[in-house]
Amino acid sequence: MTAKDNPRRGDNGGGSEEDMTASTADFTGQDAGKPTAADVFATPDDLGPSRADCLTKLLASVPTSNDDADLTAYLRDLTAHGLAVLFIAPGQKVPADMRSPKERREADEAAQDAAKAAGRADWTSVKAPAGVHLASSDPEVLARYLAKYRTAYGDVPVNLAVAVGPSRLVIVDADTAPQVDAFLTDAGMVGEPPTVRSPGARNAEGTWVHSDGGHYWFALEDGGELPADGTGSTTATGDYAVLWRDRYVLIPPSVRAEGAYTVTGRVHALPESVRATIAAAVTTRLEARERASVPGALADDIDAWAESVPWSEILEPRGWTLAARPDRCGCDTWTAPGEHASPKSATTHETGCTLGTYSVVNAPMHVWTDNPGGGVEEWVRERGSKTLSKLQTVAALYFGGDVGAVMAAQDLTGEPYGMNAPEGKAEGKVDEEDDDTGDVVAECYYPAGFWESRESLRRIRDLALAYRSAPEATLGAVMARLSAHMPPSVEVDTGIASPVPMNMVVGVTSKSGKGKTSVLKASKKIVEFELSWSTDPLDLDKAPVKFLPGENFPREGKIRSGEGIAEMFWDRVTESDPNSKRDRVVRRRVRSNVLMVTDEGSGLVKHIQDEKQTVGETIREAWNRMAIGQSNGTAETYRYVPEGSYSLGVLVGFQLSVAAGLLGSREVIEGTPQRFLFTWCKPNPEHATFERVSTLGKLWRSGELAPLTIVVPSAGLRLCETLQVRIDREHFDNWLADDDDDASIEGDIRSQRTSMVARTAGLLAIIDGRTETDQDGYLTVNEEDWTLAEVMFDRSCVIADLAVSDKRKRDALRKRKERARDLADRIEDEETMASPVGRAKGRIVGRLTGAGRVKWSGKGGVRAALFNNATVKDGDAALAELGESGRVRKTTVGRSEYVELIA
């Protein structure tokens, strides 16, 4: 239906196509040869079936009368086209709440129930969202609201708006002709009139601050989506605004004192330039969040936060409403809760404010009214300043004026602003043990399919649970022990480069007190090893390992240093001296198999981080079965272990925060953490139910659930042919990869993937009981072994990433607390010096600092030295306050009083 055919478009009121064409030409300065509104709304055949075209026709049908029947039909058309409509107070831009008192009460009660269920401490004061959230797409609701609008305001022109996000629109708001030109140039739409011409705005003095501007509408087609992140609006370089969610714009036939909103152009499909502007705004916000998580200047962190949090998110939840007119600088004015003679209670300045004073980020709010109410009124009264930054406003409204508490409680990184504290926790406080990593921890567990894929893995899982040990960590301990039992000759032939040795370094990781110490004991209880070679040291042909008769095999010890690892393969032995026919004690290389264990990895990490220590280097060399130790020392320090002549298993217990230290940039570049297979040392709560664990425990104690026996082979392993082809191709592609490619950067925690997966797959094959060899005498590693090993490796990387992110979180918390203390101290200092008593307190503290106990009263006392007759009362009051706060102690000796600084 065209504008001409629409029965709701009469000839009265300037609604004809000729009138519309004239207004468009006046607005855009177009001549007769350029597109006009008449061209836009020519015929139905001129418009395609796109949503933008449908909305263009819809806006062309705006009613020109104030008749309720026409308005009701128009509202029905708007909602039929997917628009969410909002009623606006007559002559203003402020949303009109047309809900009945019962509807408001029910909405508030529902919001309070939701807040209570979410654990919010202030749930009783929660109100249902209003403002833009009052928009509706239900024509029956809107018809009812229209009737209530008439009851409330009478026969006045009805103002309407659309909520941008729910209506699946993007709006470019250009307030001035230069902003229009800037946008059209950026979008490649030069000469295009606005979809809706806005009437402009005057300041309190009557001067035009916005004029010759308008709204460009862009419709999202079905399936088109925009980022949910960001604040829903951004200001582009040309000072025009791009709105995409949580915002609303007035539509015709709305009228304000400055004039009417009129349709002057068409609705467009969203151009890439506008989409790119939104993406850049969201990216900037995310980068600000990331930047704020890295130690940096306090001012930069606050500015990044202030730019990302709109004033509406701070003020509206506390009952402030946007006033109809902006200030003379073009910034928004707000009305405080309660009754006020003027709607201009405060002005919230923004970046780009025309005053010039506040043209930088983190512009403040200036309070005009004497009764702003709530915390703002208290802030102004106590501090004597009516200008508040966003941070100070939040402190005043939500944290009892405590800016330090805001700094401690809020992550100033642009996250959606959480103004309320959980139930049971003081508002504004952060628990150092708060943990938002639950979803990530779930990714540390091996999936159920992993355990169910093989009988050997099911047995290890069930045996571990029976022994009250985490299955993932227990499997890691079994692998470390198995590698320590392996003959040095056993390797995995991948078909590329050199065979992969079976030495394994396992990091059993969790938070404190989660059973890291018991994992090794559990693995020894539930798994037994059967050696497939002779244990007779005299049978040189059948004994491929070295060990001392009568000692445990393999030798176990704790990691203290790199030299200590090599020393484990040596020992003092007694032998006969052929010359003197006496026994003598000498140092010899006597072992080939060692298991190194440490329950807490903090000491190991410190040694690895110490550039003077060799433990990190030794672990890297031993993982590849390279030569370790030293051969250039004295007889007592000679501890050389040749390449390929030993097997080593390492098992280290890590708290998550300690593991993060191992994952520092220098350690990753050197390649140490890449040699660790991290396993999670806490049972999956979905699998380790009390009933299941109890049942498995009974089976274990009754002997029905027997330990698993693993045969340790003396034959090597080889990848099956299909795996060899696949791994060879992957290795070749990595070899030729661009050095600047992120995936090939040296130091990536995943850089040893192939080698780690190969040895893990080999160990899984052995655990599975693989005994049959191929024609060359090799055990075969199949594709299922490889797939299961990839699961373990991927979970290892998840744990490493979790450790790093946990450290960043804790570092950020520590930095915020430090910044909060610094800021609180600075605020306290400023407030202290703002009053006579405060200045007196500063003088007393300064005098007592480092002085110990000094005399206060009488001749030679501090009181007489610091204060005269005019200020002595302030000094006494200051000392009393310092005593009450616990910072100064006053004692009496005889007739004299003494004071000393204690805090």
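**Surface, helices, sheet and salt bridges in the predicted model**

The protein exposes about 42,300 Å², and carbon and sulfur atoms supply 49% of this area. The model is a predicted one. It holds 903 residues, of which 47% count as buried. Its secondary structure comprises 30 helices and 35 strands.

Helix α4 covers residues 68-80. Its 13 residues reach 18 Å from the first C-alpha to the last. That span is close to the 18 Å expected at 1.5 Å a residue.

The relative accessible area of R150 is 14%. This value is under 20%, the cut-off for burial, so R150 counts as buried. Residues up to four places away in sequence aside, R150 touches N66, D68, L71, D155, V156 and V158.

Four strands form an open sheet, in the order β21-β20-β31-β32, with mixed pairing. The edge strands are β21 (500-501) and β32 (779-781), and each pairs on one side only. Inside the sheet, β20 (residues 491-493) pairs with β31 (residues 717-719). This pairing is parallel and runs over two bridges. V492 has L717 of β31 as its bridge partner. In general, strands of a sheet pair through backbone hydrogen bonds, either parallel or antiparallel.

Salt bridges number 38 in the model. One of them joins D53 and R266, with the closest N and O atoms 2.2 Å apart. This pair links distant parts of the chain, as its residues are 213 apart. D53 belongs to helix α3 (residues 51-60), while R266 sits in the loop between β13 (262-263) and β14 (268-269). Both D53 and R266 are buried.

A second salt bridge connects D462 with R461, and here the closest N and O atoms are 3.1 Å apart. D462 is buried at a relative accessible area of 16%. R461 is buried as well, at 7%.

The side chains of R591 and E551 also meet in a salt bridge, at 2.8 Å from N to O. R591 lies in the loop between β26 (582-589) and β27 (593-598), and E551 in the loop between β23 (527-531) and β24 (555-557). The pair therefore ties together parts that are 40 residues apart in sequence. R591 has a relative accessibility of 1% and counts as buried.

Salt bridges can also be joined into a group. R454, D768, R770, E784 and D785 are linked in such a network.

Notes:
Residues are numbered from 1 along each chain as its sequence is written. This is a predicted model: local features need pLDDT of at least 70, side-chain atom pairs count only at pLDDT 80 or more; totals for chains, interfaces and linings use all residues. Side-chain values use heavy atoms; hydrogens and water are left out. Buried means under 20% relative accessible area, exposed over 50%, partly exposed in between (1.4 Å probe, protein chains only). Contact means heavy atoms within 4.5 Å. Two strands pair if DSSP finds at least two bridges between them. A salt bridge is a side-chain nitrogen of Lys or Arg within 4 Å of a carboxyl oxygen of Asp or Glu. Accessible areas come from the Shrake-Rupley method with a 1.4 Å probe; for residues, only the protein chains shown count as cover. The expected span of a helix is 1.5 Å times one less than its number of residues.
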